[in-house]
Amino acid sequence: MPKPRFLAALLLLALPAMGAAQNISQSDIDRFMSLPQSQQERLAEQYGVDVDELKAQRSSGNGQSMEQPDAPVVQPVSSSDESSESQSDDAEESERARQTEDSSKLKAFGYDLFKGEPSTFAPVTEVPVPSGYIIGTGDTIELQLFGKKTGQYTLTVGRDGTIAIPEIGPYSVAGLSFNELRNEISKLVTDRFIGVESSVRLGELRSMRVFVLGEARNPGAYTVSSLSTLTNALFVSGGIEQTGSLRRIQHKRDGEVIGTFDLYDLLLNGDSSDDARLQAGDVIFIPPVGKRVSIGGEVQRPAQYELRGEDELGEVIELAGGMTNQAYPKRVRIERINDDFLRMLGEADASDQQGLNTPVQGGDHIRVPSIADVTGQYVELKGAVTRPGRFAWIPGMRLSSLISNLETDLAEAADDSAALLVRRDPETDRIATHFINPRAVVNNPGTESDPRLKEKDQILFFADRAKAGEPKSQQESWQRGSMLSDVIERLRKESTPNQPAPVASISGEVRYPGSYPITQERSLSNLLNLAGGLKDGASLDEAEVSRLERDAQGDGNRTIRTLDVTPLANNRKIDDFRLQSRDRVQIKSIPAFNENRTVTLDGEIRFPGTYSLRKGETLDQVVERAGGLTQYAFPEGAVFTRESLKERERKRLREAEEKLQGRLLSQQVQGEDFTNQNQGQQQTRELLDRISEARAVGRMVIDLERALQDADYQSIRLQDGDSLTVPEQPQSVSVLGEVQFPTSHLHQQGLTLDDYIERSGGPNSQADEDRVYVIRADGSVALPNRSNWFASNRTQLSPGDTVVMPLDVDQLSQLQLWTDVSQIIYQMSLGAAAIDGL
């Protein structure tokens, strides 16, 4: 660990003698100021630094006060540094319960007290000064005179052991106790000055360097106060590693051990008599840990303890704080590894002196059992309860004696309407289950809803919802599947041909579908409640029960039975129905209950918006509900989109992109597919860029005007997510593709296809004039040279039409791919533009 003096010297040596304060960072100044005043003055004088200037810079730093509150000397070790530390009180309690079951995993006692990281090099000075404190070089004495002569003086003990008292001169004080110092100076002042009295107190104390070595968490040299003791130094150094001894800490001076310190005296008895005061150069050496024993079960402090003279069971129990009220001392178990490395188990009766005198040795695992473990007179609560565990069983006791308040006895995440009681038959050792309603137990204590408990009953409480205040892992362990898995597995292992496992499954519109034990009542309502109850979409008309039955030949056949589950929804039972092993219950859903199909109407619609759909409803019906089209609507340019078509377009684009990427790679690697290969590769890259930028629209070409007015036109049945956008009446014709100036032109009566192309500058050198095509406002494509739509290229166009002059790809292979991809891109672009333009 770096030393304070070394840091300050290194800081000052790195700076010019003059003006050093202007170049030192704020953190360096703070570190320097944390040193004792005597060290500051000596270092400043040695290296020519103005301390007052440093203090001024520290207080003014950037116009803001740099004063910070006193930081703790030791910071606690964070959870990220010590993964073994508990994260919450609940986790600690759970860990303690686990450790009492496995003594070999107990934590070592006492190491958490000093665990931390040193946060400052400043010596500890908050210790009160005792009257027997010995004055030494570096101590500061505050002298105050009052009476006929007044004054206040700060006197520092020099290296010669003297202080310079004004008007008196040097006076030797080193080696005096603080009480002696006060008496001598008081006498000296009284003798020298008539009518003057004095008050003496200690100011800043000298610091000293000590060493903490061995199995320390942060071994090294530390600057501490002259009042520091062994425990002060242990705190500053961050504590002791778990490999170090707490009971044989050595205090060394001049190479010799002058004392040992047993921290157990301090931790267990509050005895600090051996916590010796340190002197400069002292060494605190922490040797390796000695022999340990672990003790768990029903003791006050289950842990691992280091032995130092304790060689009997009673002494170890005393280290652990004694036994709890639930302890059963007559059968204390001791586990030991003998000299032949064999595991041996023994028992001792700790209820009498002979048993307490049982010898123990290092490595022993001791467990004090509970009365419940031995006698079996207990009941157990598991899951989402605030106090899980075993409780003493009293004949005739009811569950309400353990669960009397839902808010205090159950966890926040608990399901207060369903729990399960698991009971073992002591004669057959088979288990049976019973349904419990915790809310009914609390509201109706002493009734049939509040069952009488028997020895070793287990009551399982399930989580019903997530709560922020409880650990996620814990809530997961409270889920039905986690808690019931062992119960269902045991029921199935106990099954026989004559007694099949009482397990049924439920699915459909319930909150927690799955497999559940069939309770003794064999009630379908109990199964439903264990599954969390019905969802709001459940059909009450009928539920389906699939049952495996044997026919006359002994073969298994499934039979189906339907039940009216209306009584279940009203918390009543179905009297004539009893569950059987392997029944499968299906709770049906209300048809279309969860469906929320919508269509969006936008643009020149009288009442645009998102409308809910009835099953089988058509486009004309929804448009009629929306008030029809406005007078400015342009039905020929309506854009009708569908999600399924959009996904199909995405797929086509991905396929085209993959083909083009393969084609580009082939051009680069294999050869001369183009007459001008570089130009072909560039054109392929441009087309790939267009594909990556294209947005799938999912447009379906429709004749909206006929769909709304012509009864003979095929009805357009709507699907969820459909969208209709009706634009305003357009006034332009667009020209895209390989023309000199792709743009839009105001539609004029009498202008032909060739006229619009000429108005865009005519075809460029890469245009294919023979394959020019027109995309109509409704999204359909017309080829003037291949269809009767145009008598010739001189046929007039309509507003909203788009003329596309394609690329001349005759010199390229895979011509059809290029043509198809280009057409797809243009159509999607126009559809997206029509939608975005609204």
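Biologist: How do you know that the span of helix H7 agrees with what it should be?

Modeller: This is a predicted model. Helix H7 covers residues 178–192, which is 15 residues. At 1.5 Å a residue, H7 should span 21 Å. Its end C-alpha atoms are 21 Å apart, so the two values agree.

Biologist: Which residues of H7 are buried?

Modeller: Phe-178, Leu-181, Ile-185 and Val-189 are buried. Buried means under 20% relative accessible area.

Biologist: What makes the buried residues of H7 line one face of the helix?

Modeller: Look down the axis of H7. The buried residues fall within an arc of 55 degrees, so they line one face. An α-helix has 3.6 residues a turn, so residues three or four places apart point the same way.

Biologist: What covers those buried residues of H7, and what sits on the face turned away?

Modeller: The cover includes strand E3 (140–147), strand E5 (162–165) and strand E7 (196–202). The face turned away from the buried side carries Lys-187 and Asp-191, which are exposed.

Biologist: Now the rings. How many aromatic pairs does the structure hold?

Modeller: The structure holds three.

Biologist: Why is the pair of Tyr-264 and Tyr-305 called edge-to-face?

Modeller: Take the distance, then the angle. The ring centres are 6.4 Å apart, and the cut-off for a pair is within 6.5 Å. The planes stand at 85 degrees, and over 60 counts as edge-to-face. So the pair is edge-to-face.

Biologist: What does this pair tie together?

Modeller: Tyr-264 lies in helix H9 (residues 263–269), and Tyr-305 lies in strand E14 (residues 303–306). The pair therefore ties together parts that are 41 residues apart in sequence. Ring pairs also link Phe-109, Tyr-264 and Tyr-305 into a cluster.

Biologist: Why is Tyr-264 called buried? And why Tyr-305?

Modeller: The cut-off is under 20% relative accessible area. Tyr-264 has 3%, so Tyr-264 is buried. Tyr-305 has 0%, so Tyr-305 is buried too.

Biologist: Which ring has the charged end of Lys-252 over it?

Modeller: The ring of Phe-285. The charged end of Lys-252 is 5.0 Å from the ring centre.

Biologist: What is the average pLDDT of the protein chain, and where does pLDDT stay under 50?

Modeller: The chain averages 79, and 74% of the residues score at least 70. pLDDT stays under 50 over residues 61–73. Over residues 78–101 the pLDDT is below 50 as well.

Definitions and conventions:
Residues numbered from 1 in each chain as written. Predicted model: local features only at pLDDT ≥ 70, side-chain atom pairs only at ≥ 80, totals over all residues. Heavy atoms only, no water. pLDDT = per-residue confidence, 0-100. Contact = heavy atoms within 4.5 Å. Phe/Tyr/Trp six-rings, centres within 6.5 Å; stacked < 30°, edge-to-face > 60°. Helix = DSSP H or I, 4+ residues; strand = E, 2+ residues; numbered from the N terminus. Buried < 20%, exposed > 50% of the residue type's maximum accessible area, 1.4 Å probe, protein only. Lys NZ or Arg CZ within 6 Å of the ring centre and 35° of its normal. Expected span 1.5 Å × (residues − 1). Arc of directions from axis to C-beta.
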